[in-house]
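Here are some notes for a colleague who is opening this structure for the first time. Please read them with the sequence and the coordinates at hand.

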Amino acid sequence: MSELPENMQAIGFETPGGPDVLRIEDAPLPQIGANDVLIKVAYAGVNRPDCIQRAGNYPAPAGASPILGLEVSGEVVAVGADVPPAMVGSFVAALTPGGGYAQYCTAPWQHCLPVPEGMDMKKAAALPETLFTVWHNVFERGMAKDGETLLVHGGTSGIGTMAIMLAKAFDINVITTCGDEAKCEAARSLGADLAINYRETDFVEAVKDYTNGKGVDVVLDMVSGDYVPRNLQCLAEDGRHVTIAVLGGAKADLFVPLVMMKRLTLTGSTLRPRSDAFKAALADEIAVNAWPLFANGDLSPVMDQTFPLSEAAAAHARMESSAHIGKIMLEVAGG
């Protein structure tokens with residue numbers, strides 16, 4: 001640690017509020033736990049939970065950095081006592097418990113994925129949060145398999161674009177909803193079999209028409225609220241409804257007999273509060289099944305705009321405008 005600075009630049013805020021509360025400030029270098037790596041951050045991904053935390057509605061879990069940022073790429077510059085020393089000098093993409101909007105960030109070493117030579121560091125940083133979320137919720141909780149049909153809302157968000165790409169890579173049919181025709185076209189270009197402009201078309205009727213009344217096998221829902229009963233109408237018998245966010249409201253009215261008659265499964269998850277052991281096991285499964293698709297260039301994350309770290313407020317404003325298609329990034333050291 002002797003060659004590392006005592007302090008670093010990071011994004012902070014005094015009180016919760018809109019994007020304009022974010023500012024660049026000096027912060028102490030994070031302490032390295034026994035199972036942690038210290039990463040010199042090249043890029044950090046911007047995610048919806050960052051905005052919710054900034055607004056005061058998503059506090060960091062106990063022991064996590066209060067600094068925003070759930071995914072980074074960069075070089076490992078130091079390691080904890082229980083980490084293989086050979087990781088020093090390696091380049092990784094990491095799922096972090098927080099702290100990504102900074103020049104240096106710690107992450108459990110088992111939550112890191114190797115960035116192979118030739119992979120763009122910006123794209124590497126765009127992957128962990130969405131990849132871990134989609135893999136767990138579509139393929140593990142949703143039990144999606146080849147030949148089935150997935151309905152994903154918000155098809156041009158970071159989660160939505162990842163869900164479309166991964167599902168198509170595993171021969172799953174994809175229906176998605178988007179807010180305008182340009183976004184629908186972007187979703188189709190990623191492989192979506194049907195993209196529905198929800199502002200002009202009732203997605204329930206469109207799904208029924210497209211599936212000849214059968215419905216979809218899995219719904220990946222980020223909206224919740226009044227979308228839930230509509231989603232249940234879209235599901236086929238033995239369908240699975242997976243909720244990962246409640247952007248449209250935390251409560252929903254259900255017609256329970258429909259759940260019983262169709263034998264539906266309603267589930268959901270949040271990633272950040274899960275244990276380090278769970279995330280490590282998830283990283284291992286992703287390393288075997290999904291990471292090679294990105295490492296060899298078969299798949300690549302959809303990128304929106306990149307902002308300097310000092311302009312994190314502008315990045316959050318773009319996220320909350322919902323004008324973006326794909327991932328919004330912060331450039332820290334670059335590379």
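**Notes on a predicted model**

1. In this predicted model, the N-terminal end of helix α6 is capped by D202, which places a side-chain oxygen 2.9 Å from the backbone nitrogen of V204. Beyond the helix comes N212, a residue with a positive phi, near 55°.

2. Which residues of helix α6 (residues 203–210) are buried? They are F203, V204, A206 and V207, and because they cover an arc of only 165° around the axis, they lie on the same side of α6. The elements that cover these buried residues include the strands β8 (149–152), β9, β10 (194–197) and β11 (216–221), together with the helix α7 (227–234).

3. A pair of aromatic rings is described by the distance of the centres and the angle of the planes. The count for this model comes to 4 aromatic pairs, one of which is formed by W135 and F139, whose rings are stacked at 4.5 Å centre to centre with 20° between the planes. Both residues belong to helix α3 (residues 128–141), where they are 4 residues apart and therefore separated by about one helical turn. W135 is buried, with a relative accessible area of 5%, and F139 is buried as well, at 15%.

4. F139 also forms an aromatic pair with F170, and this one is edge-to-face, with 5.3 Å from centre to centre and 65° between the planes. Because F139 lies in helix α3 whereas F170 lies in the loop between α4 (158–169) and β9 (173–178), the pair ties together parts that are 31 residues apart in sequence. Taken together, the ring pairs link W135, F139 and F170 into a cluster.

5. When its neighbours within four places in sequence are left aside, S73 is in contact with I39, K40, V41, A42 and Y43, with V92 and A93, and with M121, A124 and A125.

Notes
Residues are numbered from 1 along each chain as its sequence is written. This is a predicted model: local features need pLDDT of at least 70, side-chain atom pairs count only at pLDDT 80 or more; totals for chains, interfaces and linings use all residues. Side-chain values use heavy atoms; hydrogens and water are left out. Rings of Phe, Tyr and Trp (its six-membered ring) pair if their centres lie within 6.5 Å; planes under 30 degrees apart count as stacked, over 60 as edge-to-face and the rest as tilted. Helices (H or I, at least four residues) and strands (E, at least two) are DSSP runs, numbered from the N terminus. Buried means under 20% relative accessible area, exposed over 50%, partly exposed in between (1.4 Å probe, protein chains only). Contact means heavy atoms within 4.5 Å. The arc is that of the directions from the helix axis to the C-beta atoms. A polar contact is a pair of N or O atoms within 3.5 Å; within protein, one must be able to donate a hydrogen and the other to accept it, and residues adjacent in sequence count only if both atoms are side-chain atoms.
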